[in-house]
Structures are given as C-alpha cells and as structure tokens.
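Please find below a colleague's note on the structure under review.

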Amino acid sequence: MKRIGLVIGLLLLGSAHAAAQQVPSLESLMPAGDATAAGRIVQIVILVTVLSVAPGILIMVTCFTRFVIALSFLRAGIGLQTTPANLILISLALFMTLYVMAPTFDRAWQNGVVPLMENKITEAEAYDKISAPFKSFMLANVRDKDLKLFSDLAQEHLWPKQNGGAPSTAPPPPPPPAAASELGLRVIIPAFMISELRRGFEIGFLMVLPFLVIDLIVATLTMSMGMMMLPPTVISLPFKILFFVLIDGWNLLVGGLIRSFA
C-alpha cells in the first residue's frame, strides 16, 4: 500500500522525490538543495495536499468507479438497504481494483519511482514514466466518443472567441495530436471517468433486470390472491436472495467485472 500511495502522489505532484533509498520521513520526499524555508514549507504543503486527495486520484485513474457502481446496483436490485454494508462493498471494490491495476502500478513503480529514488532520472522524466502506464490503461478502456468530446472541448478552450462571435487575436491553438497517446491527462481522465460511469450503469441495468422480473411475478401473484395490504417486496426479497445464491452470483459478478478489463 505504501508503494501504491507513493505512485499516486508522484503521478500529479511530479516535483517531490526522495533523496535516499528509503522514505523514513516527510523531509526525505523533498528534493535536495539549498531551498529557503518558505520554499520548503510550500513543498510540504503541496505534498500533504496531494496525499490527502489520493483516494480521489485512485477513483479518477483506475477501475474503481465501475466496480463500486455495479456493486451498488446489485444491492439496490436485490432490495437490501444496508446489506452488504458500504464498508464491505467499498473494500471489495478496492481489492478488485488492486487486482486489476497491479501490472499498471508495478510498471509505474519500476520505470518511474525506482529510477527517481536512485537519482537516475529527473523529476520531469519520472512524471512521464509514472503517468505513461496509467494513460495506456485509460486509453485502452475509454470510449472514442468520450475522448473526442474532451479533445474538442480542449481545442475550443485554447482558442476562445471575443464578444460578438469574432475570432480573438490570440495565436491559433496547436494542431490536434496525431495519436490518442499524445493527449494530456486533463483530456484523458475526464473522458475515462464518464466512460466508466456509462459502463457501470450498463452493467447495473443488466443486473437489475432479473430481480425486476421476480418482483413483477410476485406482485402479480399477490394481487391475484387479493393480498392488497401485503407489500410484494416482503415476499420477493427471500426469492431474490435465493436466486442470487443458487446461480453463484458473487462469483459470476466479480469474475465478469474483472474480465471486462482483460
């Protein structure tokens, strides 16, 4: 977990690195040199800020979003409000994320963090080498439509127009990149996030359908028997749980979610 946290911190910070082989203290993460006290304070504040938003970074650049949305839809489809608990669902999604993202974390650690800690590469080179595996992972799972959307928005933002619709006198934006791998993280990350949200909702829709069929059958039977005052969900809940257990739902769901990133 220490290695993963350090990789995530260096992914956005790019300017903090260790001066020794190990990381015994916060000062060892600061670059060596005769920096002023104010400069050291700013560096420490930036580092602590990045580490504090590490969970958000984990959500943005990994497959955690798809997993937690699918598990939430499963609980809602069965009709259970607090079972499994949020802690269990998030922990399961987190470990599934670590399982899928392990090769990406290893490449970022070996290619970027280790050479940086050994002073073999500069901070700028380390940032590129650390972010490259995450960019490759996101580009392999992002929809082309979402990527084009944010790429076009980035080009429009670089060339604003004056009031009245006339083009501004600012220099024209650079030509669009020839390949998706040349796009920056500010384009890839939001495109990847909305792609994961879409896929998570698609998976959730497919999971809810069988439980909806069970609810409809039970509601029809209770209405035909004249049991108006008995909520159909009270009767359908044990049948939905039994159905999910008989088909070995946890195995099918977790296996399908992990294989969706193969």
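1. Basis of the model. This is a predicted model, in which local features need pLDDT of at least 70 and side-chain atom pairs count only at pLDDT 80 or more, whereas totals for chains, interfaces and linings use all residues. Residues are numbered from 1 along each chain as its sequence is written, and side-chain values use heavy atoms, with hydrogens and water left out.

2. Overall fold. The protein has 10 helices and 0 strands; helices (H or I, at least four residues) and strands (E, at least two) are DSSP runs, numbered from the N terminus. Its pattern along the sequence is accordingly written α-α-α-α-α-α-α-α-α-α. Of the 262 residues, 36% count as buried, where buried means under 20% relative accessible area, exposed over 50% and partly exposed in between (1.4 Å probe, protein chains only). Among contacts with a separation of 6 or more, 70% join residues 24 or more positions apart; contact means heavy atoms within 4.5 Å.

3. Helices α4 and α8. Two packed helices are described by the angle between their axes and the distance between the axes. Helix α4 (residues 64-78) packs on helix α8 (residues 185-224) at an angle of about 25 degrees, with the axes 8 Å apart. Axes here are lines fitted to C-alpha atoms, for helices over the stretch in contact, and angles run from 0 to 180 degrees between N-to-C directions. The angle makes α4 roughly parallel to α8; angles under 35 degrees count as roughly parallel, over 145 as roughly antiparallel, 65 to 115 as roughly perpendicular and the rest as oblique. The crossing of α4 past α8 is right-handed, a crossing being left-handed if the near helix is turned anticlockwise from the far one by less than a right angle, and right-handed if clockwise.

4. The contact of α4 with α8. From α4, the residues taking part include Arg66, Ile69, Phe73 and Ile78, and from α8 they include Glu196, Phe201, Met207 and Phe211. By class, this contact comprises 11 nonpolar, 4 polar and 3 charged residues. In this scheme Ala, Val, Leu, Ile, Met, Phe, Trp, Tyr, Cys and Pro count as nonpolar, Asp, Glu, Lys and Arg as charged, and the others, Gly among them, as polar.

5. Glu196. Beyond its neighbours within four places in sequence, Glu196 is in contact with Cys63, Thr65, Arg66, Asn141 and Phe261.

6. Helices α5 and α6. The axes of helix α5 (residues 86-117) and helix α6 (residues 123-141) come within 8 Å and cross at roughly 170 degrees; the two helices are therefore roughly antiparallel to each other. Among the residues that meet are Val100, Phe105 and Leu116 in α5 and Ala126, Ile130 and Phe137 in α6. The contact of α5 with α6 contains 11 nonpolar, 3 polar and 3 charged residues.

7. Ala126. This residue of helix α6 counts as buried at 3% relative accessibility. Apart from residues up to four places away in sequence, Ala126 touches Gly112, Leu116 and Ile121. The C-alpha atoms of Ala126 and Val113 are separated by 6.7 Å, although the two residues are 13 apart along the chain.

8. Aromatic rings. The structure holds 8 aromatic pairs; rings of Phe, Tyr and Trp (its six-membered ring) pair if their centres lie within 6.5 Å, and planes under 30 degrees apart count as stacked, over 60 as edge-to-face and the rest as tilted. The rings of Phe67 and Phe261 have centres 5.6 Å apart and planes at 80 degrees, so this pair is edge-to-face. Phe67 lies in helix α4 and Phe261 in the segment after α10, so the pair ties together parts 194 residues apart in sequence. Phe67 and Phe261 are both buried. Ring pairs also link Phe67, Phe137, Phe192 and Phe261 into a cluster.

9. Asp248. In the loop between α9 (232-246) and α10 (249-259), Asp248 has a phi near 55 degrees, a positive value in a residue other than glycine. Asp248 is partly exposed, with a relative accessible area of 44%.
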